[in-house]
Amino acid sequence: MKIFSKEQIYKGDKLTAKKQNITSTELMERAGTQIFNWIHQRMQGAQVPIHVFCGIGNNGGDGLVLARQLINYGYNVHTYVVNCSDKRTQDFLVNYERIKQTTKKWPIMLNCKADFPPIGPDDIIVDAVFGIGLNRPPNEWVKSLFQHFRASNAFTLAIDLPSGLYADKVPEDEDGVVWANYTLSFQSPKLVFFLPDTSKYTRQWEALDIGIDLEFLQQTDTEVELIGKNEMLPIYKPREKFSNKGTYGHGLLIGGSYGKIGAMILSGRATLASGAGLVTTFIPKCGYIPMQSVVPEAMVITDVDDEKLTAIKFEIAPTAIGIGMGMGQDEKTQTTFQKFLKSNSVPLVIDADGINLLSKHKDDLKLLKPQTVLTPHPKELERLLGKWKNDFDKLKKAKAFSKKYKCIIVIKGAHTITVFEDKLYVNSTGNPGLATGGTGDVLTGIITGLICQGYEPLTASLFGVYLHGKSADIAVEDYGYQSLTASHVVDYVAQAFLDLFAMPPAQPPAENEEENL
Ligand SMILES: NC(=O)C1=CN([C@@H]2O[C@H](COP(=O)(O)OP(=O)(O)OC[C@H]3O[C@@H](n4cnc5c(N)ncnc54)[C@H](OP(=O)(O)O)[C@@H]3O)[C@@H](O)[C@H]2O)[C@@H](O)CC1
Ligand SMILES: Nc1ncnc2c1ncn2[C@@H]1O[C@H](COP(=O)(O)OP(=O)(O)O)[C@@H](O)[C@H]1O
Ligand SMILES: [K+]
């Protein structure tokens, strides 16, 4: 799913109005009606007090459309105008007039703290104060209003995005933002829903289709894409009937050190589970017996050293290599790693200590071949890029790094973001059960295994991250968040593949259909 920028959204609105021969007021009516339908479907006329807080821009206009429709359907509505600026938009004004003609209960003007209404914990707040047009921090009394929302504990539904949150930067003061339970966003979600600094402002989100011009949606290239099943299904490569293990590539995993052979066992198992034809692991001698016993499918080459890697040498011709898991940062390991980078021409995934060694010896970064995949967790990323001010600064730095070294950076986290040059791919699968040792090793194994099967490194990264998260999402049903381990993630990769082709659950028959049965 494309994630449009603020500028693209404004452009899409204008173009839609022009091509569909409608006014912007009609488009706003559509937007507000979609919100109304969403609420009405769930509330079915329940008389819970609904407090609709409208700003003076088009977000406020959406709120006024909603409030008018709720009133028409007999809901218990209280409408307020958060009177924070004199410059009201045209469509706000049109809808302000319309609501005044609908009800005698005119919207209440809020100008200061003394005007705030009481809000009960079982009431509902609709936040239509600011949308993507926010261009400065809200003033003090508006901030207090947002804190008043939060203190009420009422369910808070934000329209388009939580007020006080910018579409493209991190707000300075968290008290200046509405903390929403749910956000109904128009046409596509916003990048800020997925970033560590800003995702806390909405617990859940949903994108509502407001009929923006289809050609515009299809033809506009976005900088950000949200990756889910719809994006992954078309790139899936089916297994051929007359294929053999040679068809699906030979994955080589290099890493491990005394006490960290488990990392290599996990990635070896994951490479196999993702479909590689053959897997070889290159590990220190101490790992030979455990690896052969636990992963009989994998072949093993050992270093001359018992406990660490000192001389990476092999005579096989791998299709893809994953390196760094549990490898340690010994000086001898550094030397052989550097030598390996100089001579290697096979597609490469670098993880963990591989990344740490590159961060310590930044000159070696120029040895990376184009489309090398790096899979840092946040600490490893910081060592690589240096400190960042906030998430947008981090992404800017990651894009510049990716362009400079032509590499793919998989920034791991709750929503893993894969960066390649100027594009960002936000993953939609995964859960906090993955916050446990070894899950990153599994991811490296999966991506390596997919490259072995002919997926381009970028596609393999996106698909690998998706499958890894999906596997955890399915496994968590059986193991729960606390007990999920990295081994379970490997075990459920199969389910993640099968899920790509699962039919959606059958819908129960509609009420009138049931009567006819
Ligand atoms: N396709 C779609 O997505 C559609 C989107 N639609 C909706 O339009 C929304 C965008 O509307 P918008 O451009 O009017 O801006 P919005 O966010 O309502 O308000 C900002 C206004 O307030 C002002 N202002 C800014 N900061 C301020 C501050 N700190 N304190 C005080 N005032 C401040 C600023 O004016 P200023 O005072 O700077 O002149 C500005 O005019 C969008 O989020 C969605 O809900 C639908 O209606 C149609 C289809
Ligand atoms: N809260 C979370 N929600 C979703 N995924 C998570 C969460 N925490 C961690 N992960 C995922 O788990 C993996 C952890 O990787 P990493 O920190 O490298 O682990 P390790 O080094 O122990 O193998 C990453 O793929 C990351 O995206
Ligand atoms: K809002």
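**View 1. Who lines up around ligand 1?** Helix α3 (58-72) gives the largest share of the shell around ligand 1, five residues. In this predicted model, local features need pLDDT of at least 70 and side-chain atom pairs count only at pLDDT 80 or more, while totals for chains, interfaces and linings use all residues. Residues are numbered from 1 along each chain as its sequence is written, and chains are lettered from A and ligands numbered from 1 in the order in which they are written. The shell holds 33 residues, and Gly57, Asn58, Asn59, Gly131 and Gly133 come nearest; a residue is near if its C-beta atom, placed from the backbone, lies within 6 Å of the molecule. The elements giving two or more residues are α1 (6-19), α2 (24-43) and α3. Helices here are DSSP runs (H or I, at least four residues), as are strands (E, at least two), numbered from the N terminus.

**View 2. A binding site picked out by UniProt.** An unreviewed UniProt entry puts a "binding site" at Lys412, Gly413, Ala414, His415, Thr416 and Gly440. They span 29 residues in sequence, yet no two of their C-alpha atoms are more than 13.7 Å apart, so they gather at one spot. Keep in mind that such annotations may be inferred rather than shown by experiment.

**View 3. Zooming in on Thr416.** Look for Thr416 in the loop between β16 (408-411) and β17 (417-420). Is Thr416 buried or exposed? Thr416 is buried, with 27 other C-beta atoms within 10 Å; the cut-off is 20 or more for buried, 12 or fewer for exposed, and partly exposed in between, with C-beta atoms placed from the backbone. Skipping residues up to four places away in sequence, Thr416 touches Val410, Ile411, Asn427, Gly430 and Val465 (contact means C-beta atoms, placed from the backbone, within 7 Å).

**View 4. Over to Gly440.** This glycine, Gly440, sits in helix α14 (residues 439-452). Gly440 is buried too, with 25 C-beta neighbours inside 10 Å. Leaving out neighbours within four places in sequence, Gly440 is in contact with Asp351, Ala352, Thr375, His377 and Lys412.

**View 5. The sheet with β16 and β17.** Both strands belong to an open sheet of 11 strands with mixed pairing; strands pair if DSSP finds at least two bridges between them. β1 (2-3) and β12 (299-302) stand at the edges with a single partner strand each, so one side of each is left without a neighbour in the sheet. β16 and β17 run antiparallel, joined by four bridges, and Ile411 stands opposite Ile417 in β17.

Methods. Two residues are in contact if their C-beta atoms, placed from the backbone, lie within 7 Å.
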